[in-house]
Amino acid sequence: MPTEIGADELSRTGWRRDALAWALVFAGAVICLSPVLFTGVWGTTHDGFRYVLLVARFRDALEHGEFYPRWMPDAFGRYGEPVFVYYQPAFFCLGALLSYLVREPAYTIYLPVTVLFTLGSMGCYYAVKPIAGWGGALAAAFFFLLTPYLMCDLHVRGDYGEITAVCCVPWTLVFLSALHRSVHAGAPGTGAMLGLALSVAAVIYAHPAIALFTFASSLAAGAWFVWDCEAPRRRRLLFRAALGLGMGLVFSAPYWSGFFTMRPYVGTESVMTGYYGAQKHTVFLDQFFFGNWGFGKSVEGRGDGMPFLLGLPHFLACSLGAYFGRKHTLIRVCYAGLLISIFFMTPLTGWLWEHVGLFHDIQWPWRLLGMTAVFQAICCGGLALMPASHSAVRAAVCGALLALAAAWPFERFFPNQPYDLTETIRQVEADMPREFVHFTADNPFLTRFSKTPPPKPSLEQPRIEAEGGGKPEELPDSTKYRMAYRVTLAAPGAALVNQLYLPGWQVWVNGAEVAPEELEKNVLPDGRMRVPLPAAGAYEIRAHYYGPKGCFARAVVAAFLSACFAAFLFWDRRRFRGTSVSPV
């Protein structure tokens, strides 16, 4: 293992330099986002204003006591959609919390994006700092901040969930490399293990496609670190890395296990075939380095209207950095990851994207640009390892490449065709109760139980009513998430719950829960729930979407495994007391 900057030297660079780095990187993030931060303008993107509405709905659900929101009762004409069963919650949660600090809808997006840009850049900083010191770490942070694909996600695609995931990825490498150093030094690495688990879980909660890439790259990087470790300590590193990655899966199980359990009940294949077929969206090699910045769509062949730029200055800087830092495992891992990612985005791998399940489900091979953003930035930090005798050359080269990275293409910092977001949101909010409004392209989350359209939406329609008429009484504790009504029948009949059925709904009649199989058996052709009532009289009907089936049992198992992990960390730390290595 090559010599890295020791703990004493790191402490001399200390908290003051780290604080300065945080301040500089935050200022850099604000400058990169200044065309929208200081004006509040909202540009036209592929995803439009969808995330603004979803953040507002997530916040609304939290305010109504939904600990982990899953259902959107106001979507699809007030018949509801399970958007948050399938959509990753990380950005919505962050946006909902930060939305209390701002009023304008645009800032419910721009404020969390500023935070994320800072966190992602500082992840690259801490990954590089033990290798290349403060200067190299700061260079890596700024190269990450200037990555073209981040601005593509922001101003072209509007995919803030993917931004969240990409900005969490550097932290998995921070803690994986810290674990490597800890085991090499004979320390337990408990902090690094916990950090690895939490960072992997954060990526999974942020975006499933980036999570698949991250998990695969973490396995490969972990194997490389294990091979690079001294033979007597390889088994210890292998165990700890595997435990950290495994606990990342455990911590994030509430999302991914629900997603895969409930996937058969909706039509997600509609956004993975036809135009969305992954094999149609590979990238030609020249597109990574040349081409105009555009705001169009990804198409089959070379006619793409959107950019897939690695950034030529970035690639030159990372190649130089990889050369000068080639003795360091993390640099080698990241440069290999960069080249492999580029290869898998090219048409040479089209067959894999078309026929292999996990590849096929990712939709866009160029999502790997999110991984290359991290790999490139970390390799760029290797520029600081240029021989000390060339310090003036090193500073000039690094400064010139950073300037080029900032300037080319300069138009990436500006939004496309701004419009009045506040008025648009107001109009959509007004239309939602009266129209079949949904929040995703091709409506993939419409449940398979809805075979025919439900009745025309109406604000006057109660959420629970007696079949055939009769005005129901809404109880005082009723909300749109936990509905409570009293219906009165003149003869045996049924109550209608005017929400689309999906496994996970719970309905109670006079305090007795309706069996799930009975509820599913009586679903109407349009997907609404019909609850038979055996006799005339008054009935109290309550309904709530609890969550994906089996979610409680899985949560108990995850909680038990988490407790076991905490006990292991406590025991392991006591066993190695007196020996430690900083996780960053």
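Some housekeeping: numbering starts at 1 along each chain as its sequence is written, and side-chain values use heavy atoms, with hydrogens and water left out. Since the model is predicted, local features need pLDDT of at least 70 and side-chain atom pairs 80 or more, while totals for chains, interfaces and linings use all residues.

Let's start with Q363. You'll find Q363 in the loop between α17 (357–361) and α18 (369–380); helices here are DSSP runs of H or I, at least four residues, numbered from the N terminus. Is Q363 buried or exposed? Buried, at 14% relative accessible area, where buried means under 20% with a 1.4 Å probe, protein chains only. Its side chain makes a polar contact with the side chain of R367 at 3.0 Å (a pair of N or O atoms within 3.5 Å, one able to donate a hydrogen and the other to accept it; residues adjacent in sequence count only if both atoms are side-chain atoms). Leaving aside residues up to four places away in sequence, Q363 also touches V271, M272, Y276, G277, A278 and H281, with contact meaning heavy atoms within 4.5 Å.

Next, Q376, which sits in helix α18. Q376 is buried too, at 1%.

Methods:
Helices (H or I, at least four residues) and strands (E, at least two) are DSSP runs, numbered from the N terminus. Buried means under 20% relative accessible area, exposed over 50%, partly exposed in between (1.4 Å probe, protein chains only).
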